[in-house]
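This report looks at one protein model, from single residues up to the whole chain. The sequence and the structure are shown first, and the description follows.

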Amino acid sequence: RPSAWTALEDKLVADAVWDAVGGERAESRIVPVEEAGRAAGRLDRGAGTVWAGDARDGFNGGGDFVRWVASDEDVATALAFFAARCDRVRVMPFLEGVPCSIHGMVLPDGTAVFRPVELAILRGERRAFVYGGLGTTWDPPDEDRTRMRDLARRTGEHLRATAGYRGGFGIDGVLTE
């Protein structure tokens, strides 16, 4: 597996990918762990913020390095967790909506894009997100589905052009207003 592909696993490279492909996203800040509390204060829209840690020590996935931070106690807990495992975190507002994912497959001659699926994300007591499965009966409104599939296609083409990527990928997000 080429190192350029492994580097794509770091959640903190997503903003650069979204910039390159014109992807919509909520405002976020990538900051050293010790500055995350201040960034959260600026980005909180009233429901807290979500922090995602870098891949300093290798791959992390399944929401293991993602925390919902909504109180001073949460800030202290998140700072202790991330300080032991990461150098930087991405901080963004907590978004209420439908957690979902769109998948694609980068092939030598194009990108196949599949229909979006709903993610069953459980909100644990420690404000950790727990993946509970996915639902394939959910279908977003036509306009949103089209935009999501277009984003996945542009992302796959970008990964192929910039990293020579081949294989499956997924884009997780929240369908909001």
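R90 has a relative accessibility of 12% and so counts as buried, where buried means under 20% relative accessible area, exposed means over 50% and partly exposed lies in between, computed with a 1.4 Å probe on protein chains only. The model is a predicted one, in which local features need pLDDT of at least 70 and side-chain atom pairs count only at pLDDT 80 or more, while totals for chains, interfaces and linings use all residues. Residues are numbered from 1 along each chain as its sequence is written, and side-chain values use heavy atoms, with hydrogens and water left out.

R90 belongs to strand 4, and helices (H or I, at least four residues) and strands (E, at least two) are DSSP runs numbered from the N terminus. With neighbours within four places in sequence left aside, R90 is in contact with K11, L12, A14, D15, S28, R29, I30, V50, W51 and A52, contact being defined as heavy atoms within 4.5 Å.

## D15 and L12

One of the contacts of R90 is D15, a residue of helix 2 that is buried, with a relative accessible area of 11%. Apart from neighbours within four places in sequence, D15 is in contact with R25, S28, I30 and R90.

L12 sits in the loop between helix 1 (3-7) and helix 2, and its relative accessible area of 6% makes it buried. Not counting residues up to four places away in sequence, L12 touches I30, A52, G53, D54, R88, V89 and R90. The C-alpha atoms of L12 and D87 are separated by 11 Å, although these residues are 75 residues apart along the chain.

## V17 in helix 2

V17 also has its place in helix 2, which covers residues 14-21, and V17 is buried at a relative accessible area of 11%. When residues up to four places away in sequence are not counted, V17 touches T155 and H158. Between V17 and E143 there are 22 Å from C-alpha to C-alpha, with a sequence separation of 126 residues.

## Nonpolar cores

A nonpolar core is here a set of buried Ala, Val, Leu, Ile, Met, Phe, Trp, Tyr and Cys residues joined through side-chain atoms within 4.5 Å. In soluble globular proteins, nonpolar side chains tend to be buried together. The largest such core holds 19 residues, of which W18, I102, A152, F169 and I171 touch the most other members. Helix 2, strand 5 (98-107), helix 5 (142-163) and strand 9 (167-175) are the elements that give two or more residues to this core, and helix 5 supplies the largest share, five residues.

I171, leaving aside its neighbours within four places in sequence, is in contact with W18, C100, S101, I102, L151, A152 and T155. Apart from this core lies another one, of 15 residues, which includes V33, L43, V69 and F82.

## Two glycines

G97 is found in the loop between strand 4 (88-93) and strand 5, and at 32% relative accessibility G97 counts as partly exposed. Beyond neighbours within four places in sequence, G97 is in contact with V174 and L175, and the C-alpha atoms of G97 and G173, 76 residues apart in sequence, lie 9.5 Å apart in space.

G135 lies in strand 8, residues 129-135, and touches V117 and E118 when residues up to four places away in sequence are not counted. From G135 to T49 the C-alpha distance is 25 Å, for a sequence separation of 86 residues.

## The chain as a whole

The protein chain has five helices and nine strands, arranged from the N terminus on as α-α-β-α-β-β-α-β-β-β-β-β-α-β. Its radius of gyration, taken over C-alpha atoms, is 16 Å, which agrees with the value near 16 Å for a compact globule of 177 residues under the rule of 2.2 Å times the number of residues to the power 0.38. The C-alpha trace spans about 50 × 35 × 25 Å along its principal axes.

Of the 177 residues, 41% count as buried. Among contacts between residues at least 6 apart in sequence, 63% join residues at least 24 apart. The chain exposes about 9800 Å², of which carbon and sulfur atoms supply 52%, with areas from the Shrake-Rupley method and a 1.4 Å probe.
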